[in-house]
Amino acid sequence: MDIRLGNGFDVHAFGPGDCVVLAGIEVPHTHGLVGHSDADVALHAITDAIYGALAQGDIGRHFPPSDPQWKGVASDVFLCHAVDLAADMGFEISNIDCTIICEQPKIGPHADNMRDQIGMITNLAKDRISVKATTSERLGFTGRGEGIACLATTALLKL
């Protein structure tokens, strides 16, 4: 059996808006996130974790930010590509663990819906998906409320 682990990390700054998109869910907030696509740090980190486990680079390799066709695109497009690539290479996703790092908005009330959405995108059972949050204790850019970061880890299995 071939077991692969991958991790992904993403960061986006706050900007104008009245909600942030996290794990495919719109979460009401006083700001939006700034990015070339929809700036969904959670789906970006999960996507990069899958690419990492496959040794296939990162989102920028597959979807260059210099290419205008990806401007404003919903990040589920990226995650679907990574999931399909894993399947094409003979792998299935065993689990996804996603940690969102921010002071605000509060993630807990939305975590279950985020797990549902990730499951729909990846076709993975909800009991194999973890979404949790932490603060940075008011330290650094996330602590100052300048943006959101996310760390994701995934395990892939080739049977």
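Buried means under 20% relative accessible area, exposed means over 50%, and partly exposed lies in between (1.4 Å probe, protein chains only). Keep that scale in mind for the whole tour.

This is a predicted model, in which local features need pLDDT of at least 70, side-chain atom pairs count only at pLDDT 80 or more, and totals for chains, interfaces and linings use all residues. Residues are numbered from 1 along each chain as its sequence is written, and side-chain values use heavy atoms, with hydrogens and water left out.

**Stop 1: a covered strand**

Select residues 19-22, which make up strand β2. Strands (E, at least two residues) and helices (H or I, at least four) are DSSP runs, numbered from the N terminus. Which side chains of β2 are buried? C19 and V21 are buried on one side, and V20 and L22 on the other. Both faces of the strand are covered.

Two strands count as paired if DSSP finds at least two bridges between them. Find L22, then look across to I25 in β3, which stands opposite. The hairpin has two residues between its strands, and A23 takes a positive phi near 55 degrees there.

**Stop 2: the open sheet**

Show the five strands in the order β4-β1-β7-β5-β6. They form an open sheet with mixed pairing. Its edge strands are β4 (32-33) and β6 (129-134), and each pairs on one side only. Strands of a sheet pair through backbone hydrogen bonds, either parallel or antiparallel.

Select β5 (residues 92-101) and β7 (residues 147-158). Nine bridges pair them in the antiparallel sense. Colour C98, and you will find A152 of β7 opposite.

Next, select helix α1, residues 41-54. This helix packs on the sheet and touches β1 (2-15), β5 and β7. Contact means heavy atoms within 4.5 Å. The direction of α1 makes about 150 degrees with that of β1. Axes are lines fitted to C-alpha atoms, for helices over the stretch in contact, and angles run from 0 to 180 degrees between N-to-C directions.

Then select helix α4, residues 111-122. α4 also packs on the sheet, touching β5 and β6. The directions of α4 and β6 make an angle of about 140 degrees.

**Stop 3: charged pairs**

How many salt bridges does the structure hold? There are six. A salt bridge is a side-chain nitrogen of Lys or Arg within 4 Å of a carboxyl oxygen of Asp or Glu.

Select D97 and K132, whose side chains meet at 2.4 Å, N to O. D97 sits in strand β5 and K132 in strand β6, 35 residues apart. At 27% relative accessibility, D97 is partly exposed. K132 is partly exposed too, at 34%.

Move to D112 and K126, another salt bridge, at 2.8 Å, N to O. D112 lies in helix α4, while K126 is in the loop between α4 and β6.

Last pair: R4 and D2, with the closest N and O atoms 3.4 Å apart.

**Stop 4: L159**

Select L159, in the segment after β7. Is L159 buried or exposed? L159 counts as exposed because its relative accessibility is 76%.
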